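User: I want to go through this model by question and answer. Please keep it brisk.

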Amino acid sequence: MKKIITISREFGSGGRTIGKIVADQLGYAFYDKELIEKVAEKTGFSPSYIKERGEYSPSASAFSYSFMGRSHDGLSTDDYLFSVQRKIILDLAEKGDCVIVGRCADYILRDRADTMNVFIHADKKKRAERIVKVYGASPVKPEKRLDDKDKKRRVNYKYYTDRDWGDYHNYDISLDSGTIGLERCADIICQLARAE
């Protein structure tokens, strides 16, 4: 049985919700906002800062990392934040069965045989409808919000892992939540996790 499940996801695909359902069905600990709180305690950064910078690049370009201030040891604030997140994710994986959402957890835990890495995606139209329903309307068009968030996730992931975010080679399974549905995605993940 897989003890750790990582959920990477496109914005608006329902990956966090799917992860929570999976954790509840399997009786696993769930880390999303809880992970943000742990990183906030460790770093002293505000949870809102960690929510944005712990998973998203400063801009839609990888060059943004080149212009960040660095401390005497060569680390930028984002590098420090990533190193703390990495350590916490490794510690959580050692503590017991869990579902971890985002934050390059699939890469950080890539060498563990007891981990299943999942990528959740969906059609842009369905994701746009979902973010308006879940997060409310915004002056920015939903499609633009999706593009901005996903681009920043992609850049951040590439910068810290040197891998392509969403590339099926990086995951054990990729599911289209728009076609399959959130509950069914969760059921599939649970069945696979129990399969060994």
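Analyst: Ready. This is a predicted model: local features need pLDDT of at least 70, side-chain atom pairs count only at pLDDT 80 or more, and totals for chains, interfaces and linings use all residues. Residues are numbered from 1 along each chain as its sequence is written, and side-chain values use heavy atoms, without hydrogens and water.

User: Among contacts between residues at least 6 apart in sequence, what share joins residues at least 24 apart?

Analyst: A contact means heavy atoms within 4.5 Å. Among those between residues at least 6 apart in sequence, the share joining residues at least 24 apart is 73%.

User: Is strand β4 largely enclosed or open?

Analyst: Strands are DSSP runs of E, at least two residues, numbered from the N terminus. Buried means under 20% relative accessible area (1.4 Å probe, protein chains only). In β4 (residues 115-121), six of the seven residues are buried, so the strand is largely enclosed by the rest of the structure.

User: Which residue of β4 is the bridge partner of Arg9?

Analyst: Two strands pair if DSSP finds at least two bridges between them. Strand β1 (residues 4-9) and β4 pair in the parallel sense over six bridges. The partner of Arg9 in β4 is Ile120.

User: And which residue of β5 is the bridge partner of Val118?

Analyst: β4 also pairs with strand β5 (residues 173-176), in the parallel sense over four bridges. In β5, the partner of Val118 is Ile173.

Definitions and conventions
Buried < 20%, exposed > 50% of the residue type's maximum accessible area, 1.4 Å probe, protein only.
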